[in-house]
Amino acid sequence: MPPGWLGKSHACHQLAEAARGEWWLFLDADARLAPTALAAALDTALAQGQGLVTGFPIQETGTWMEKLIVPMMSFSIACHLPIRLVRQSADPKFVAAHGAFLLIAADSYRATGGHAGFKGHLVDDMQLAGAVKTAGLPVTLADVRPHITMRMYQDAAGVWNGYKKNIFAGVGRNSLLLTAMLTIYGLLYLIPPVMLIIVIALHVMGFPSEWLSHAFLPSGLGYLIGVCIKGVIDRRSGQPWWLSFFLPASICMLSAIALASWLASFTGKGYEWKGRRYS
């Protein structure tokens, strides 16, 4: 492999050099397509005419770590990104993509410089989508849930290492942005249930209920609002609704992985993924 390249990007680059046709589909090996998937994707692509079509498949989960963390990908996108602006805005900041399914016009791929433009970046799907928008070409974040399913990870170690590799790179290696995101998550979705537990515990221990009653309602309401938001997103992304009640645990675990991701970059230790080490 030439210097400066990561394996997946170099493989995709070689595929692009050999490919023919007007539309190219980069598809992860663990993505499972329904019989309708390719026809529906091509209909969207031809209507768009150029650029990129991508989407978030339904994620199958098995272990508890998968259930707590994998749905947080859709949760983060829904909470931070106005989905309509992915297609309607030319600003590259409003972009999202999933590397499991990237359908791109060949001319658009060439216009962006392809994978050679970000050959050493860990989050190649977002880089490609951003490059498409920077080139003034459209990006559609399509609803591919009826057509594509996948299981990204098989165990807790896979979830930890996979997200550890991607989180800090996914926020552009911006420590301030990562801190702000985790702070907001903590204030909105972690502090209310923690306060609710404290209030209930103090009540059980016999503390005066006058001032506890003033804290019970806002903390309980804050927790339920978070549960409702997560429940709606989980249901739309094909996850069981009851996972939303474990949102505080998901936030704690996601924050721990994000901190590990930042530390791996800050200390220069890098990341391990599928037997390989990345800086």
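1. Buried means under 20% relative accessible area, exposed over 50%, and partly exposed in between, with a 1.4 Å probe and protein chains only. By this scale Cys 252 counts as partly exposed, because its relative accessibility is 41%. Of the 279 residues of the protein chain, 44% count as buried.

2. The model is predicted: local features need pLDDT of at least 70 and side-chain atom pairs count only at pLDDT 80 or more, while totals for chains, interfaces and linings use all residues. Residues are numbered from 1 along each chain as its sequence is written, and side-chain values use heavy atoms, leaving out hydrogens and water.

3. The protein chain has 11 helices and 9 strands (DSSP runs, numbered from the N terminus: helices are H or I of at least four residues, strands E of at least two). Its radius of gyration is 21 Å, close to the 19 Å from the globule rule for 279 residues, so the chain is as compact as a globular protein of that length. The radius is taken over C-alpha atoms, and the rule is 2.2 Å times the number of residues to the power 0.38.

4. The whole structure holds 0 disulfides (pairs of cysteine sulfur atoms within 2.5 Å). For Cys 228, the nearest cysteine sulfur is that of Cys 79, 13 Å away. For Cys 252, the nearest is also that of Cys 79, at 16 Å. Cys 228 counts as exposed, because its relative accessibility is 52%.

5. Leu 188 lies in helix H9, residues 175-204. Leu 188 is partly exposed, with a relative accessible area of 46%.
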